[in-house]
Amino acid sequence: SQSDIPHDAPSGGQTLSEMRDSLEAIPGIVVADIAGGQKPNIKGNTGYAVGLEVEPGYAIADGAALVDFVMASVREGYMPNARIDVRVRVSSSEGFDVGAAAAQAGWARESTSSPSSYSTAAIDLAESKDQGARNLERLGPWPGDVPVAPTGVTVQE
């Protein structure tokens, strides 16, 4: 039941607005949208979706660090127990594949997609699935400490 899912912790972690600020402190990153933390749906699932845009003139140099930071940053509302979606739009001609970055960071299986202007990663947090259980264990207690923002995530093209 939804009453069993931890939510609205009195301390620890960061709010969605703090998360937005910390992501936008990374050069060239703009948060298009952050959604989630709402009450569980009819199936008892909760999660988040984070949409990022990379400004013209910037490229992502360390996608794994970016995914790690997004994963560790989400702490407001209801603890995610289904998945976290990360969407990234880039204007760089080289494109980017956030699914591959999530796999490189160990949050997802190898991605079969390829770099493009828009990519998505659905990061599983369902206890019933091997990857989801590993991801939950990796996230640790909720809400966790606010991670330090990584450096070198983006480079100027």
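Where is Gln 131 found? In this predicted model, Gln 131 belongs to helix H4, which covers residues 130-139. Gln 131 is buried, because its relative accessible area is 7% and buried means under 20%. The side chain of Gln 131 also has a partner: it makes a polar contact with the side chain of Arg 134, at 3.0 Å.

With a relative accessibility of 8%, Gln 14 counts as buried. Along the chain, Gln 14 and Gly 77 are 63 residues apart, and a distance of 10 Å separates their C-alpha atoms.

Helix H1 itself, made up of residues 16-24, holds Glu 18. Here the relative accessibility is 40%, so Glu 18 counts as partly exposed. Glu 18 takes part in a patch of negative charge on the surface, where it gathers with Asp 8, Asp 21, Glu 24, Glu 55 and Glu 76.

Is Asp 97 buried or exposed? Asp 97 is buried, yet it has no salt bridge. Arg 87 provides the nearest side chain of opposite charge, and it is 13 Å away. A salt bridge calls for a side-chain nitrogen of Lys or Arg within 4 Å of a carboxyl oxygen of Asp or Glu. The side chain of Asp 97 does reach a backbone atom, namely the nitrogen of Gly 99, at 2.9 Å.

Definitions and conventions. Residues are numbered from 1 along each chain as its sequence is written. This is a predicted model: local features need pLDDT of at least 70, side-chain atom pairs count only at pLDDT 80 or more; totals for chains, interfaces and linings use all residues. Side-chain values use heavy atoms; hydrogens and water are left out. Patches are made of residues with over 30% relative accessible area and no salt bridge: like charges are joined within 9 Å, nonpolar side chains (Val, Leu, Ile, Met, Phe, Trp, Tyr) within 5 Å. Accessible areas come from the Shrake-Rupley method with a 1.4 Å probe; for residues, only the protein chains shown count as cover. Lys and Arg count as positive and Asp and Glu as negative; His and the chain ends are not counted. The place of a charge is taken as NZ of Lys, CZ of Arg, CG of Asp or CD of Glu. Helices (H or I, at least four residues) and strands (E, at least two) are DSSP runs, numbered from the N terminus. Buried means under 20% relative accessible area, exposed over 50%, partly exposed in between (1.4 Å probe, protein chains only). A polar contact is a pair of N or O atoms within 3.5 Å; within protein, one must be able to donate a hydrogen and the other to accept it, and residues adjacent in sequence count only if both atoms are side-chain atoms.
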